[in-house]
Amino acid sequence: MVDLFERLIEARIPFKENLSGKELSAYRGGGKVALVAYPESVSALQKLTAVAEEYSVPYLPFGLGSNILIRDGGFDGIFVSSIGFRNIRAEGNRLTLGGGVALKRAAECAAENGISALEELTGIPASIGGMTKSNAGAFGKEMADIVSEATVFDFKTGKVSKIPRADIDFGYRTSGETFDKKMILETVITGCRSDKVKKVSEHYLDQRKKTQPSFPSLGSVFKRSAPGVGIGYYIDRAGLKGTRRGGAEISAKHGGFIVNRGGGTAGDYLELKRLAHDVVFRKFGIDAEDEIEIIGKDG
Ligand SMILES: Cc1cc2nc3c(=O)[nH]c(=O)nc-3n(C[C@H](O)[C@H](O)[C@H](O)COP(=O)(O)OP(=O)(O)OC[C@H]3O[C@@H](n4cnc5c(N)ncnc54)[C@H](O)[C@@H]3O)c2cc1C
């Protein structure tokens with residue numbers, strides 16, 4: 001890694017070493033990531049990719065870490081932060097948003113410009129790139145409903161291209177393979193004109209606060225098994241709410257979340273996830289599928 005660090009310094013790509021899950025993951029626990037790079041241009045991305053390929057170091061795009069659990073043994077690779085790509089433009093009923101723009105900022109811009117599109121999603125602690133990749137959704141609205149185009153950097157070819165909505169393979173909390181080995185630099189969102197954006201956003205934010213825990217988490221652990229029914233419902237019925245392992249807890253407020261009550265490790269999280277999965281399978285025959293992403297080595 002030392003040679004690689006030197007190459008990044010030569011290429012003037014800002015980076016940090018050995019950041020932990022406490023700093024990177026919204027769960028506020030988990031192992032270390034060897035390197036987080038902060039490219040701010042396509043040419044920096046090209047240089048970074050070339051160096052990572054030369055040293056055979058794995059790398060992946062990184063937004064705000066609200067869906068990523070880093071196993072306690074850490075990740076010997078590079079998180080490519082999108083934070084350097086945070087341009088915002090509002091035109092008519094369209095918002096052009098950099099991949100590293102936080103939803104909070106995007107929602108403010110939408111409200112300032114009277115563009116109705118993101119209200120239901122308000123409060124998801126995520127970046128636009130991460131949300132586009134995972135087709136984030138809430139209260140019946142998902143990114144697939146409002147995205148009209150994405151601009152991507154292709155890690156394999158080093159080229160930038162635009163992908164129209166029709167070519168994005170959106171499904172429930174997924175965009176299929178559309179963005180594999182790609183970094184979303186920009187997403188265009190199309191909404192409609194409204195003067196009630198702020199009010200409606202506040203309503204959904206309020207709903208979110210009422211139902212979701214305030215402790216650090218990664219949001220829903222599992223994908224819904226059927227429309228409208230979250231796995232949290234079955235976890236609740238199985239009596240698992242409030243179950244703890246180390247510093248982690250199956251939220252006493254919302255069974256679909258595993259929260260960090262303080263000092264929770266990735267191992268604690270994974271133990272509770274396995275327990276919830278196995279009990280729900282035994283009692284209800286539902287083979288719950290992960291919504292969160294898990295990377296790195298066991299501790
Ligand atoms: C409290 C809480 C509430 C949540 N509520 C919801 C909810 O209501 N609905 C919902 O759908 N999700 C929810 N989530 C989950 C999470 O916010 C979403 O999955 C979100 O889309 C992840 O965005 P991120 O920027 O944090 O991405 P990260 O967690 O950093 O990354 C997630 C994935 O996206 C990829 N990625 C990130 N940025 C880019 C990019 N620029 N280009 C290409 N790939 C990229 C990463 O490689 C990774 O595969 C919640 C999470 C928390 C902590």
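A polar contact here is a pair of N or O atoms within 3.5 Å; within protein, one must be able to donate a hydrogen and the other to accept it, and residues adjacent in sequence count only if both atoms are side-chain atoms. This is a predicted model, in which local features need pLDDT of at least 70 and side-chain atom pairs count only at pLDDT 80 or more, while totals for chains, interfaces and linings use all residues. Residues are numbered from 1 along each chain as its sequence is written, and side-chain values use heavy atoms, without hydrogens and water.

I begin with helix α9. Helices are DSSP runs of H or I with at least four residues, strands are runs of E with at least two, and both are numbered from the N terminus. Threonine 265 caps the N-terminal end of α9, with a side-chain oxygen 3.3 Å from the backbone nitrogen of glycine 267. After α9 comes glycine 285, whose phi is positive, near 70 degrees.

I turn now to the ligand. A nitrogen atom of the ligand lies 2.7 Å from a polar backbone atom of isoleucine 184. Oxygen atoms of the ligand also take part: one is 3.3 Å from a backbone N or O atom of glycine 130, and one is 3.5 Å from a side-chain N or O atom of lysine 133. The protein buries 94% of the 980 Å² that the ligand exposes when taken alone (Shrake-Rupley method, 1.4 Å probe).

Which element gives the largest share of the shell around the ligand? That element is α5, with 5 residues.
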